[in-house]
Number of protein chains: 2
Amino acid sequence: MSEPISYSNPLSKKNTNHYDDLEFKVVEVPNSCAIDQILIRLAINIMQGGGHRYGAFLDAAMTAAKFAIYTTYLSEGKNFRKTGLLHHVEPKRVKTIVQEVESALTEGKLLKTLASQEPYYLIYLPHLWLKKYPWTPPQPRLPMIGLTREEKLEVEASLPNDLPNALVLTEFQFMELIELLHLESQKDSSEAHRVPLSDALIEHIKLRLLYSGTVVQIQSPRGFPFYCLARTSYSPQDKRERIYTMFEDVDGFFQLLQAWVNKEPGVLRGLEVFEVPIERKEEALQELDKLIQAWADKYHQEGGQPMVLHLATGPVKR
Amino acid sequence: MSEPISYSNPLSKKNTNHYDDLEFKVVEVPNSCAIDQILIRLAINIMQGGGHRYGAFLDAAMTAAKFAIYTTYLSEGKNFRKTGLLHHVEPKRVKTIVQEVESALTEGKLLKTLASQEPYYLIYLPHLWLKKYPWTPPQPRLPMIGLTREEKLEVEASLPNDLPNALVLTEFQFMELIELLHLESQKDSSEAHRVPLSDALIEHIKLRLLYSGTVVQIQSPRGFPFYCLARTSYSPQDKRERIYTMFEDVDGFFQLLQAWVNKEPGVLRGLEVFEVPIERKEEALQELDKLIQAWADKYHQEGGQPMVLHLATGPVKR
DNA sequence: GCGAGGTCCTCCGCCCCTCAG
DNA sequence: CTGAGGGGCGGAGGACCTCGC
């Protein structure tokens, strides 16, 4: 197993980050099945955890549906009408969808996917900031704006510790950064559906950056605020990696089970429900870990058929 | 393990069902990540496999997103503006979304979920048909419409074998069935967003039923078609069950990994990539199966902490 | 059967504004 | 800084029609 057992205390998450614990007590949605649950998990992870826009999630879902339509279109012999009938979509609409997907596959035109766990404009802000406004220690951190020396000292004293080596920015500079990132994030999108950078969107991005703890807002004595880069990455690196792993695993697991549904050869699905005395839990998990590794080692032989195994176990919820 | 290893020959799926093998050669979507892949898998399973409408999938995704917004709304102290800002949604819109979700939770108003793998109007058609138009063997199967005895015999001879004990219906009767089912499927939906049964929708449902092999259309000598129930369930029972299991498993696996991301205690994640000589594959899988079972048995003790284990392994694709 | 064309309605993702507490 | 109004644009789901093949 590539990952050790984790026993960290959930109370130790005293970051300023509001999004640390996504353990949503799924208030049971009436009339929902497992698929709906999966969609809800995805939505919460993407929108609350990743900070993607509401519309971005809907767009991604729509793109996935379009792609499903496209595959039907292909397997039905490129028949617009039949494809439309099968999915209850107008043939005309099918046509534009097919064109969209094909232009995405052949030319570079990008579809509206999520593209990564977190939106571009959130992820790359720290990097751009550090690049455009680096700070070298003897230099003053604060911008030269109408502040007396005492005021500067006062503000500087109010800064958090352990800051990345970046300058403190004015509102204007901060906004400029956001604008730049947003522009860059869309430079590959087909101009048809390009999201304009509205005031509302800027406010959204600002709040996301502040809430995630990536940026800290500082009230200056004169009223206008300053902005201070607080971390070198949008979300804590290890958490981001774990979330990345989670999605990769779910995808791989999903794919394997799909093969299992189709009764493809060489696929094994396992489900165990059992009860373990709490004092033996750690022991049990460690043994399982070793067991699986030993098994994989035993049968592993270079040049054989490439295989993958996904496993997860833990306490039952709800 | 609850499931044996499956080595069935994929070529043995000679059913008339067009949707048997959903193994979509995922034409790689550019600019996509694992999340996008998961969405695509969901879309293809739901729309091609389950036969849900395109719009139904979009609605389900939107409902999931609304639910994510609602949980944010709660955790932010019921603040419309802040919730809206966090997800880039108008406060006004947040309000209506919150009302929607709350009325779904308290009163019976249903949200637009998928509710099950396959749409109601597809699943329950065989049951309703058998109930409304049962056939008892000495009786004639065909409706009494202007056909000569010879024509009736001719048509009857063209029927497939192994039919459920249901009458053959006319176009009108068949349509009536569909209408009934559609009406019933929406009787719980809040009347605001109720889908009207349009001609286009009827055509869609008809094609789904024909393509899935649930219903067979028969050309009578006089030109007008007859409809014949070919199966007692919309999709083959064992396949449906496997798909149901797949979604349940993916949901459970997802939930476990979420706990793993949050570093909750007692959660183990495992990933193994390895290569197995083909001649030892079956042996290896069977041993793994036994290994896991033995492990669970060893530590199982009534009254301990309830645990669940998900496992899947198989050949790597792509 | 199929493609291609046009028209209509409605919802809703987004944008902006004001005003009262 | 919040809630509660207002008005407006564009995209797209959905339904309908005809015509030419």
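Hi everyone, let me start at the DNA: the surface near DNA strand D is made of seven nonpolar, five polar and eight charged residues. Here Ala, Val, Leu, Ile, Met, Phe, Trp, Tyr, Cys and Pro count as nonpolar, Asp, Glu, Lys and Arg as charged, and the others, Gly among them, as polar.

A word on the model: it is predicted, so to speak of local features we need pLDDT of at least 70, and side-chain atom pairs count only at pLDDT 80 or more, while totals for chains, interfaces and linings use all residues. Residues are numbered from 1 along each chain as its sequence is written, and chains are lettered from A and ligands numbered from 1 in the order in which they are written.

Back to DNA strand D, which 20 residues surround, the closest being B:Gly55, B:Phe80, B:Arg81, B:Ser198 and B:Ala200. Near means that a residue's C-beta atom, placed from the backbone, lies within 6 Å of the strand. Helices α2 (54–75), α3 (80–87), α4 (91–105) and α9 (199–211) of chain B each give two or more residues to that surface; helices are DSSP runs of H or I, at least four residues, numbered from the N terminus.

Now look at DNA strand C. It is surrounded by 20 residues, and the closest are A:Gly55, A:Phe80, A:Arg81, A:Ser198 and A:Ala200.

How do the chains relate?

Where they touch, chain A contributes 131 residues and chain B contributes 131 residues; contact means C-beta atoms, placed from the backbone, within 7 Å. Helix α10 (residues 237–261) of chain A brings the largest share of its side, 17 residues. That side has 80 nonpolar, 29 polar and 22 charged residues. Because 100% of the interface residues of chain A are also interface residues in chain B, the copies meet through the same surface.

Finally, which residues does A:Ala43 contact, leaving aside its neighbours within four places in sequence? They are A:Phe57, B:Ala64, B:Ala65, B:Phe67 and B:Ala68.

Definitions and conventions: Two residues are in contact if their C-beta atoms, placed from the backbone, lie within 7 Å.
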